[in-house]
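Here is a short report on one protein chain. Look through the sequence and the model, then read on.

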Amino acid sequence: QVQLVESGGGLVQAGGSLRLSCAASGRTFSRYAMGWFRQAPGKEREFVGRISGYGGNTHYADSVKGRFTISRDNAKNTVYLEMNSLKPEDTAVYYCAADEVVRFYPRGRLPTDFGSWGQGTQVTVSS
């Protein structure tokens, strides 16, 4: 397993931007596909997007496609979630997660596909 720590959450107005970071421990970070999920109060954890180990493939939920971008820097053991044009409905706790199994999309969107999780970071979008 890998240890993950998210950062970068906060309060932003609708239409604004935030960039979340997720720092991973270990020397084999590129082995892991990385995912971002979010969970709003009273709702199930929701898939946001996923990036392959070397960053060549990304996939996004329809609700964020065109607004959110996932990238990674394997030299820094870090994955990023760039969020633009934020909406109040994007308010949630955002989690990063690691998956060491090779999966072909549309597989790899379930929380149970990921073996390691960060503690989450709160994103609040005001209207």
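How many disulfides does the structure hold? The structure holds one. A disulfide here is a pair of cysteine sulfur atoms within 2.5 Å.

## About the model

This is a predicted model: local features need pLDDT of at least 70, side-chain atom pairs count only at pLDDT 80 or more, and totals for chains, interfaces and linings use all residues. Residues are numbered from 1 along each chain as its sequence is written, and side-chain values use heavy atoms, with hydrogens and water left out.

## The disulfide

The bond joins C22 to C96, with an S to S distance of 2.0 Å. C22 lies in strand β3 (residues 18-24) and C96 in strand β9, so the pair ties together parts that are 74 residues apart in sequence. Strands are DSSP runs of E, at least two residues, numbered from the N terminus.

The torsion about the S-S bond of C22 and C96 is about 55°, so this disulfide is right-handed. Both C22 and C96 are buried. Buried means under 20% relative accessible area, exposed means over 50%, and partly exposed is in between (1.4 Å probe, protein chains only).

Strand β11 covers residues 121-126. Its side chains alternate. T121, V123 and V125 point to one face and are buried.

Which strands pair with β11? Two strands pair if DSSP finds at least two bridges between them. Strand β2 (residues 10-13) runs parallel to β11, joined by four bridges. Here G10 stands opposite V123. Strand β9 (residues 92-99) pairs with β11 in the antiparallel sense, over three bridges. Y94 has T121 of β11 as its bridge partner.

Most residues other than glycine have a negative phi, and most peptide bonds are trans.

Take the peptide bond between Y105 and P106. This bond is cis, with omega about 20°. P106 lies in the loop between β9 and β10 (116-117).

Next comes N77. Its phi is positive, about 50°, although N77 is not a glycine. N77 sits in the loop between β7 (68-73) and β8 (78-83). Is N77 buried or exposed? N77 counts as buried, at 16% relative accessibility.

S85 also has a positive phi, near 50°, and is a residue other than glycine. S85 lies in the loop between β8 and β9. S85 is partly exposed, with a relative accessible area of 40%.
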